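Please examine the sequence and the three-dimensional model shown below. The paragraphs that follow lead from the sheets to the helices and then to a single loop residue.

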Number of protein chains: 2
Amino acid sequence: MGSSVLYMSMSLDGFIAGPGDEPANPGGDGFMRLHDWFIGPDGEFGNVEGPARDVIEEMSNFGAIVAGRNTVEQVDHWGGERNGVQIFVPSHRPPAPSVAKYPKVTYVTDGIASAMAQAKEAAGDRRVMVHGAYTAQTALEAGVLDELQIHQIPVLFGNGRRLFDVLPERIELDILQVVDTPEATHIRYCVRR
Amino acid sequence: MGSSVLYMSMSLDGFIAGPGDEPANPGGDGFMRLHDWFIGPDGEFGNVEGPARDVIEEMSNFGAIVAGRNTVEQVDHWGGERNGVQIFVPSHRPPAPSVAKYPKVTYVTDGIASAMAQAKEAAGDRRVMVHGAYTAQTALEAGVLDELQIHQIPVLFGNGRRLFDVLPERIELDILQVVDTPEATHIRYCVRR
């Protein structure tokens, strides 16, 4: 089975969204600063050269997604799919009625471990892409997150929403890979069990 | 003049001290986990081989120290000096009477900018080592911190004291150097002005 990997762009001070993150202002003030590294010289998303290109290509090879409700609602479930794969959303509340038009989007009401098991099943031998701060924390706590790919951005955001708030216990990681570019330090960690 | 550089070991989730950081438990629970990278195979501090050795040697070449009161009181002002250089402590309160026995320790009561100016003067063309979370934040806010050398440790502490709490505005950084070792990712940043 493939591993579950959290992909997040984070400021040095730990923020993944700026201040004022709400539906009318998705990602908060200055959010796009965290994603500059992903934009090519032509302004196209993902069209970058150099070592960051390998990071993006690796990211793109996923077979299912587990994403938080906050994340998916802000982007309207990426229009129902991303790269053609299924999207699993752990949530205790049922989905909005409009989600019924997306057959590849599944709301999972019995917890993160169940959502991850279904996503791994759907992904086969490909990775499960995990997205969202709350989802990452619950996956870490439940022991179902295998790896973290952090795109660490050379900026101090000062305020906003943190990727890691408070966890119930210490979690050891192993560094798998560091990719050094001027725009971001891409560090991949494995969760030690 | 030399630059002012913050040197701090930080967990991936941004903590530089564990839970329960108080005088009877300096650095809090699990504090030493953040400094494992600094300990050689013989158990000696700083006696490491490989790329981390260069990081340590660069760190050791400082001409003055600016350190927070919390930091210096926990280590009794390093016995009055470190590497023979002067130590400047920004604090609004006068020092404890016992500090009078340390001629190289100066408490500066008129703010971080003054403390940094005095330290730069004392350091000559060598660097000023900056230490402490609160001191780092006030130096950043006052615009008198030039660089940050973060030893990012592959662990999620879960709780404790953060290096960066809340800053009044966004601060852009440039990545100067990344040193990739299994024990830590050493990232050096320049504060953009």
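Which strands form the open sheet of nine strands, and in what order? The order is S5(A)-S4(A)-S3(A)-S6(A)-S1(A)-S7(A)-S11(A)-S10(A)-S8(B), and the pairing is mixed. At its edges stand strand S5 (105-108) of chain A and S8 of chain B, each of which pairs on one side only. Helices (H or I, at least four residues) and strands (E, at least two) are DSSP runs numbered from the N terminus, and two strands pair if DSSP finds at least two bridges between them.

The model is predicted: local features need pLDDT of at least 70, side-chain atom pairs count only at pLDDT 80 or more, and totals for chains, interfaces and linings use all residues. Residues are numbered from 1 along each chain as its sequence is written, while chains are lettered from A and ligands numbered from 1 in the order in which they are written.

A further open sheet of nine strands, also with mixed pairing, has the order S8(A)-S10(B)-S11(B)-S7(B)-S1(B)-S6(B)-S3(B)-S4(B)-S5(B). Here the edge strands are S8 of chain A and strand S5 (105-108) of chain B, each pairing on one side only. The link between the chains in this sheet is antiparallel: two bridges join strand S8 (residues 155-156) of chain A to S10(B). Within S10(B), Glu172(B) is the residue opposite Val155(A).

The contact between the chains can now be considered as a whole. It involves 27 residues of chain B and 27 residues of chain A, where two residues are in contact if their C-beta atoms, placed from the backbone, lie within 7 Å. On the side of chain B that touches chain A, two or more residues each come from strand S8 (155-156), strand S10 (171-180) and strand S11 (185-191) of chain B. S10(B) provides the largest share of that side, with seven residues. By class, the side of chain B that touches chain A has 16 nonpolar, five polar and six charged residues. In this classification, Ala, Val, Leu, Ile, Met, Phe, Trp, Tyr, Cys and Pro count as nonpolar, Asp, Glu, Lys and Arg as charged, and the others, Gly among them, as polar.

Six of its six residues are buried, so the strand is largely enclosed by the rest of the structure. A residue is buried if 20 or more other C-beta atoms lie within 10 Å of its own, exposed if 12 or fewer, and partly exposed in between, with C-beta atoms placed from the backbone. S3(B) pairs in the parallel sense with strand S6 (residues 127-131) of chain B over five bridges; it is also joined by three bridges to strand S4 (residues 86-90) of chain B, again running parallel. Ala64(B) has Val128(B) as its bridge partner in S6(B) and stands opposite Gln86(B) in S4(B). Ile65(B), in turn, has Ile87(B) as its bridge partner in S4(B). In chain A, strand S3 (residues 62-67) and strand S4 (residues 86-90) pair in the parallel sense over three bridges, and Ile65(A) stands opposite Ile87(A).

How do the helices of chain B cross? The axes of helix H3 (residues 112-123) and helix H4 (residues 133-142) of chain B come within 9 Å and cross at roughly 95°. Axes are lines fitted to C-alpha atoms, for helices over the stretch in contact, and angles run from 0 to 180 degrees between N-to-C directions. H3(B) and H4(B) are therefore roughly perpendicular to each other; angles under 35 degrees count as roughly parallel, over 145 as roughly antiparallel, 65 to 115 as roughly perpendicular and the rest as oblique. The contact is formed by Ile112(B), Ala113(B) and Met116(B) of H3(B) with Thr135(B), Thr138(B), Ala139(B) and Ala142(B) of H4(B). Five of these residues are nonpolar, two are polar and none is charged.

Finally, Ser91(B) lies in the loop between S4 and S5 of chain B. With 17 C-beta neighbours inside 10 Å, Ser91(B) counts as partly exposed. Not counting residues up to four places away in sequence, Ser91(B) touches Arg69(B), Tyr107(B) and Thr109(B).
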